Amino acid sequence: MTYDFDQLYKEFSARIYKLCLSYSGEKLFADDLHQETWISVWNSLPKFRNESKISTWIYRIAINTCLVGIKKQKNKAENSEVILSKLVHEETYDNSTEISRLYECISKLKESERIIITLVLEEKPYEEIAEITGITENNLRVKIHRIKKELQETYMNYGRI
């Protein structure tokens with residue numbers, strides 16, 4: 001089965017962007033991660049072997065891109081120009097304080113927890129989330145319960161930490 005890149009982009013772009021935003025916690029970095037994800041999808045699409053759902057494959061690419069991107073960013077020293085650019089960008093695109101706060105709280109979760117809660121927010125079926133994350137559905141349900149509780153506490157204490 002062959003897939004049309006444009007169609008895949010239209011179908012999954014918004015969801016992948018939310019995943020990137022949950023990892024990065026900031027819109028400018030999420031933009032970069034989102035773009036890098038789709039470049040990887042573009043380059044790897046001819047090699048897709050249909051061994052999993054196309055959505056699972058794209059999410060795995062996005063998660064790997066986010067993990068690599070976060071590691072690179074941690075190693076990079078930020079200068080004042082970059083900080084100023086981020087502030088201007090966030091101010092320009094900040095259309096919802098609450099959503100931004102939620103994504104910032106999500107970005108503070110552990111990596112595996114970010115993946116799970118982002119996929120839950122995308123309303124992915126538990127079966128697919130289990131396949132993407134490589135854990136059983138029963139274990140997934142327990143983790144989701146704990147993550148929601150932790151996220152709620154972080155959200156309620158936002159700004160106090």
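The crossing of helices H5 and H8 is right-handed, a crossing being right-handed if the near helix is turned clockwise from the far one by less than a right angle, and left-handed if anticlockwise. Helices here are DSSP runs (H or I, at least four residues), numbered from the N terminus. The model is a predicted one, in which local features need pLDDT of at least 70 and side-chain atom pairs count only at pLDDT 80 or more, whereas totals for chains, interfaces and linings use all residues. Residues are numbered from 1 along each chain as its sequence is written, and side-chain values use heavy atoms, with hydrogens and water left out.

Helix H5 spans residues 97-107 and helix H8 residues 137-156; the two pack at an angle of about 125°, with their axes 9 Å apart. Axes are lines fitted to C-alpha atoms, for helices over the stretch in contact, and angles run from 0 to 180 degrees between N-to-C directions. H5 and H8 are therefore oblique to each other, since angles under 35 degrees count as roughly parallel, over 145 as roughly antiparallel, 65 to 115 as roughly perpendicular and the rest as oblique. On the H5 side, Glu98, Arg101, Leu102, Cys105 and Ile106 make the contact, and Leu151, Thr154 and Tyr155 do so on the H8 side; contact denotes heavy atoms within 4.5 Å. By class, five nonpolar, one polar and two charged residues form the contact of H5 with H8.

The term buried means under 20% relative accessible area, exposed over 50%, and partly exposed in between (1.4 Å probe, protein chains only). Ser107 also lies in H5 and is buried, with a relative accessible area of 19%. Residues up to four places away in sequence aside, Ser107 touches Ser22, Tyr23, Ser24, Gly25 and Arg114.

The structure holds zero disulfides, a disulfide being a pair of cysteine sulfur atoms within 2.5 Å. Cys20 is in no disulfide, and the nearest cysteine sulfur, that of Cys66, is 3.9 Å away. Cys20 counts as buried, at 0% relative accessibility.

Elsewhere, Val68 is placed in helix H3 (residues 54-75) and is partly exposed, with a relative accessible area of 44%. From C-alpha to C-alpha, Val68 and Leu33 are 9.4 Å apart in space, and they are 35 residues apart in sequence. In helix H7 (residues 126-133), the residues Glu128, Ile129, Ala130 and Ile132 are buried. Gly134, with a positive phi near 80°, follows H7.

Methods:
Nonpolar A, V, L, I, M, F, W, Y, C, P; charged D, E, K, R; others polar.
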